[in-house]
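Please examine the structure shown below before reading the briefing. The notes are arranged by topic for a reader new to protein structure.

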Amino acid sequence: MGRSQETFGKKDNEKKRAKKKTEKEERKAERQANAKSGVALEEMFAYVDENGNITSTPPDPTKKRVIKDEDIRISVAKQEDREPEDTMRSGSVTFFNSSKGYGFIRDAQSQESIFVHANALGGITINENDKVTFEVEMGPKGPNAVRVRLGSPTPPAAPAAPAAPAAE
């Protein structure tokens with residue numbers, strides 16, 4: 001009986017491991033040989049020019065611009081600077097899987113599809129094509145509909161006026 005195929009595979013794998021190890025040691029030695037030790041501090045500086053590009057040359061002092069402290073805005077915009085968002089939105093349910101407890105609502109204004117989970121329904125049951133009102137909060141994977149309420153259903157058609165009795 002001949003040698004098993006595993007023996008050859010084991011030897012081949014061992015050769016590959018040894019080759020990888022020697023190549024890794026060679027790369028390490030090459031990095032150490034090419035490493036710059038004792039680089040001057042000035043050589044490590046990087047500068048930003050007037051166009052916002054990073055360069056190794058210091059900026060030209062003649063092109064210096066003076067910026068007032070009041071013009072610099074570091075923080076988030078103040079509440080009064082932002083226009084208030086309408087928190088309540090309306091839309092229609094495009095898909096809802098009641099057994100799994102999730103679905104999607106199409107926003108009537110932006111036509112955006114927004115995820116809704118059964119926990120955000122507050123005990124109500126919704127079906128496809130139901131009109132709903134909801135609020136949007138950002139979840140870990142995008143916008144989520146919360147505080148969902150059934151919207152007023154479309155009003156039924158007005159009953160036709162009774163026909164006047166026919167004159168005989």
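**Contacts of Asp107**

Leaving aside neighbours within four places in sequence, Asp107 is in contact (heavy atoms within 4.5 Å) with Arg89, Ser90, Gly91, Glu112, Ile114 and Phe134. The model is predicted: local features need pLDDT of at least 70, side-chain atom pairs count only at pLDDT 80 or more, and totals for chains, interfaces and linings use all residues. Residues are numbered from 1 along each chain as its sequence is written, and side-chain values use heavy atoms, with hydrogens and water left out.

**Setting of Asp107**

- Asp107 belongs to strand β4, which covers residues 102-107; strands (E, at least two residues) are DSSP runs numbered from the N terminus.
- With a relative accessible area of 2%, Asp107 is buried; buried means under 20% relative accessible area, exposed over 50%, and partly exposed in between (1.4 Å probe, protein chains only).
- The side chains of Asp107 and Ser110 are joined by a polar contact of 3.0 Å. A polar contact is a pair of N or O atoms within 3.5 Å; within protein, one must be able to donate a hydrogen and the other to accept it, and residues adjacent in sequence count only if both atoms are side-chain atoms.

**The barrel**

- Five strands form a closed barrel in the order β3-β4-β5-β7-β6, with mixed pairing; two strands pair if DSSP finds at least two bridges between them.
- Strands of a sheet pair through backbone hydrogen bonds, either parallel or antiparallel.
- Strand β5 (residues 113-117) pairs with strand β7 (residues 142-150) in the parallel sense over two bridges.
- Phe115 stands opposite Asn144 in β7.

**The nonpolar core**

- The largest nonpolar core has 11 residues, including Ile105, Ile114, Phe134 and Ala145. Such a core is a set of buried Ala, Val, Leu, Ile, Met, Phe, Trp, Tyr and Cys residues joined through side-chain atoms within 4.5 Å.

**Aromatic rings**

- The structure holds four aromatic pairs; rings of Phe, Tyr and Trp (its six-membered ring) pair if their centres lie within 6.5 Å, and planes under 30 degrees apart count as stacked, over 60 as edge-to-face and the rest as tilted.
- Phe95 and Tyr102 form a tilted pair, 6.0 Å centre to centre with 55° between the planes.
- The ring centres of Tyr102 and Phe115 are 6.1 Å apart and their planes lie at 20°, so this pair is stacked.
- Tyr102 lies in strand β4 and Phe115 in strand β5, so the pair ties together parts that are 13 residues apart in sequence.

Definitions and conventions
Helices (H or I, at least four residues) and strands (E, at least two) are DSSP runs, numbered from the N terminus.
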